[in-house]
Amino acid sequence: KYHTGKHTMKKLTKNNLLLFFFFLFGIFLRVVALQFSPPALNIDEAALGYNAYSILKTGADEHGRFLPLSLESFGDWKLPVYSYIAVIPVGMLGLSELSTRLPSILAGTIGIVLIYYLAVALFHKRSIGVFAAIFFAVSPWSIFFSRAAYEVNVATTLFLAAVLLLIHATDKKRTVWLPIFAGLLFGLTLFTYHSYIIFTPLFVFAYCIFYARKLGKKI
């Protein structure tokens with residue numbers, strides 16, 4: 001038993017160190033030479049940053065709409081959550097490329113941790129969680145969208161957090177707050193990126209059908 005416990009602890013320590021290393025490596029990939037790549041804000045990023053600045057200063061978007069649920073932009077409409085989150089770094093650091101992109105950088109970084117816990121919750125193996133986190137940390141998709149102000153990156157992180165809470169709410173006995181927080185996060189995805197307006201309800205509906213027996217006991 002002593003040798004088995006020692007071996008288990010050694011394996012856990014190795015997995016934790018590996019996870020921590022790739023977490024730092026993932027951060028590095030998302031921030032290194034950020035001032036050069038991408039070389040400048042695109043028009044969508046500029047619109048998100050300027051609306052965050054406008055909301056910070058006036059409580060309204062660039063068109064004077066007070067706390068809008070949709071942002072009018074260059075011939076289209078943007079969902080507002082990214083700009084509302086960006087109010088915090090813009091207020092602290094001033095309006096700049098870094099403050100505009102910071103919510104996306106943080107979302108991509110937090111996603112590494114969330115995908116680890118999500119994999120552990122699904123497969124009940126820390127080793128699978130570590131590999132999931134490693135793949136997410138070096139994922140070209142995640143790196144690309146984390147280095148610029150993209151709403152999809154924030155929406156993905158909110159969705160991962162909501163799914164993780166929903167799984168724990170399904171498995172654990174005392175779950176008064178977990179489904180409420182999961183519902184709030186799922187709701188936020190609907191106001192973060194347009195695709196989730198379709199995807200989130202379909203996912204939640206499918207989840208409820210798949211886990212109908214477990215959820216029925218908890219309702």
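Which residues in helix 7 meet which residues in helix 9? Before I answer, let me say that this is a predicted model, in which local features need pLDDT of at least 70 and side-chain atom pairs count only at pLDDT 80 or more, while totals for chains, interfaces and linings use all residues. Residues are numbered from 1 along each chain as its sequence is written, and side-chain values use heavy atoms, with hydrogens and water left out.

The answer is that Ala155, Thr156, Phe159, Val163, Leu166, Ile167 and Thr170 in helix 7 meet Tyr196, Phe199, Thr200, Phe203 and Tyr207 in helix 9, where contact means heavy atoms within 4.5 Å. Those residues divide into nine nonpolar, three polar and no charged; here Ala, Val, Leu, Ile, Met, Phe, Trp, Tyr, Cys and Pro count as nonpolar, Asp, Glu, Lys and Arg as charged, and the others, Gly among them, as polar.

Now the geometry of that pair. Two packed helices are described by the angle between their axes and the distance between the axes. Helix 7 and helix 9 (residues 196–210) pack at an angle of about 15°, with their axes 12 Å apart, which makes helix 7 roughly parallel to helix 9. The axes are lines fitted to C-alpha atoms, for helices over the stretch in contact, and angles run from 0 to 180 degrees between N-to-C directions; angles under 35 degrees count as roughly parallel, over 145 as roughly antiparallel, 65 to 115 as roughly perpendicular and the rest as oblique.

Stepping back to the whole chain, the protein has 10 helices and two strands, in the order α-α-β-β-α-α-α-α-α-α-α-α along the sequence. Helices (H or I, at least four residues) and strands (E, at least two) are DSSP runs, numbered from the N terminus. The C-alpha trace spans about 65 × 45 × 25 Å along its principal axes.

Let me turn to helix 4 (residues 97–123) and helix 5 (residues 126–137), which pack at about 150° with axes 8 Å apart, and are therefore roughly antiparallel to each other. On the helix 4 side the contact includes Gly108, Gly111 and Ile112, and on the helix 5 side it includes Arg126, Ile128 and Gly129. The contact residues divide into 12 nonpolar, three polar and one charged.

For helix 2 (residues 43–58) and helix 3, the axes come within 8 Å and cross at roughly 70°, so these two helices are roughly perpendicular to each other. Among the residues in contact are Leu48, Asn51 and Tyr53 of helix 2, with Tyr82, Ser83 and Val90 of helix 3; the contact divides into 10 nonpolar, three polar and no charged residues.

Next, the largest pocket, in which about 220 Å³ of space lies. On a 1 Å grid over the protein atoms alone, a pocket is an open set of points where a 1.4 Å probe fits, with protein on both sides within 12 Å along at least five of seven lines, and lining residues have an atom within 4 Å of a point. There are 13 lining residues, of which Ile85, Pro103, Leu106, Ala107 and Ile110 lie nearest the centre. Helix 3 (81–93), helix 4 and helix 7 (151–171) each give two or more residues to this lining, and helix 4 gives the most, with six. The lining divides into 12 nonpolar, one polar and no charged residues.

Finally, two backbone details. Most residues other than glycine have a negative phi, and most peptide bonds are trans. The peptide bond from Ser37 to Pro38, however, is cis, with omega near -5°, and Pro38 is found in the loop between helix 1 (2–31) and helix 2. Ala33, whose place is in the loop between helix 1 and helix 2, has a positive phi, near 50°.

Technical notes. Grid points are joined across faces, edges and corners, and a volume is the space filled by probe spheres set on the points.
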